[in-house]
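Welcome! Please take a moment to look over the model shown here before reading on.

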Amino acid sequence: MTTHPNFLYPFPSQMPPNGLSSFNPLLSRQTGPFRAVQMPSYNNYTHNMEERKNICKIRFYHGSSAIQTVDLYINGMKTFKEIPFNETSSFLSLAPGTYFIEIFPSGTTYPLMMHRKITVGDTPNTIVLTGEEANLRLIVIPENHFVPHNEAKVKTLHLAPSHKTLQVSVKGRDTLYQSLPYKHQTDYLGLTPMSIAFELKNPENSEQLYHSDYIHFEPDKVYTMVIYEDGSGKPGIKILE
């Protein structure tokens, strides 16, 4: 995998040319396991809180079962460490702009699993690793954390690569999305706070592939329902706040 033709960017294991530093001063290095990292969180963002201008919040979701744990580097700095499959980091504050993302198996800078330049604005984003080992993808998902008072909302993100499309339904009731394609997300769906069980089906024959336990959606919170795929190719549901 090669770098973008219009810039010279060293991998983390290499020194920058001419003594220049590849580290961005707006980043804070996190050296402990991701579960212990204390970063600003948007989990309690509600209708009466304004997003700070000129600040971007990003987090990372590891959605590929092809790699057990990964480290994510931003501009040459190890920023999220030892993130297991199907887990998410906390949010990190950055200035809006362009950043270079690299992903490696945890504890090493070889082999390079994924490398991408991203541009982020002043809204929250989730960086997602998805796909099988031979076809990994890194996608950026914008978030909208405004929610009307005493309500909740949820969007669905399809990250199960073995399933080209999936039908998403409330268990035993209405179909929410008849044929949701892989790597696509839905619009937000407004909810009265409640508990809901979901099921995933093959849209061609309505075969049930997965059903969840009841998931409780609380007031004044925003959720992303991720459809992931385990190492055996079976889909499941993970809720991100």
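## About the model

This is a predicted model, in which local features need pLDDT of at least 70 and side-chain atom pairs count only at pLDDT 80 or more, while totals for chains, interfaces and linings use all residues. Residues are numbered from 1 along each chain as its sequence is written, and side-chain values use heavy atoms, with hydrogens and water left out.

## Sheet E3-E2-E5-E6

Strands here are DSSP runs of E with at least two residues, numbered from the N terminus, and two of them pair if DSSP finds at least two bridges between them. In the order E3-E2-E5-E6, 4 strands make an open sheet with antiparallel pairing. E3 and E6 are its edge strands, each pairing on one side only. Between E5 and E6 there are 7 bridges in the antiparallel sense, and Ile103 sits opposite Met114 in E6.

## Sheet E11-E10-E14-E15

Another open sheet, also antiparallel, has 4 strands in the order E11-E10-E14-E15. Its edges are strand E11 (175-181) and strand E15 (208-211). Strand E14 (residues 198-201) pairs with E15 over 3 bridges, and Lys201 faces Gln208 in E15.

## The nonpolar cores

A nonpolar core is a set of buried Ala, Val, Leu, Ile, Met, Phe, Trp, Tyr and Cys residues joined through side-chain atoms within 4.5 Å, where buried means under 20% relative accessible area with a 1.4 Å probe, protein chains only. The largest has 23 residues, and Ile58 and Ile103 are among those with the most contacts inside it. Elements giving two or more residues to this core include E1 (56-62) and E5 (97-105). A second, separate core of 18 residues includes Phe198 and Ile237.

Note on methods: Buried means under 20% relative accessible area, exposed over 50%, partly exposed in between (1.4 Å probe, protein chains only).
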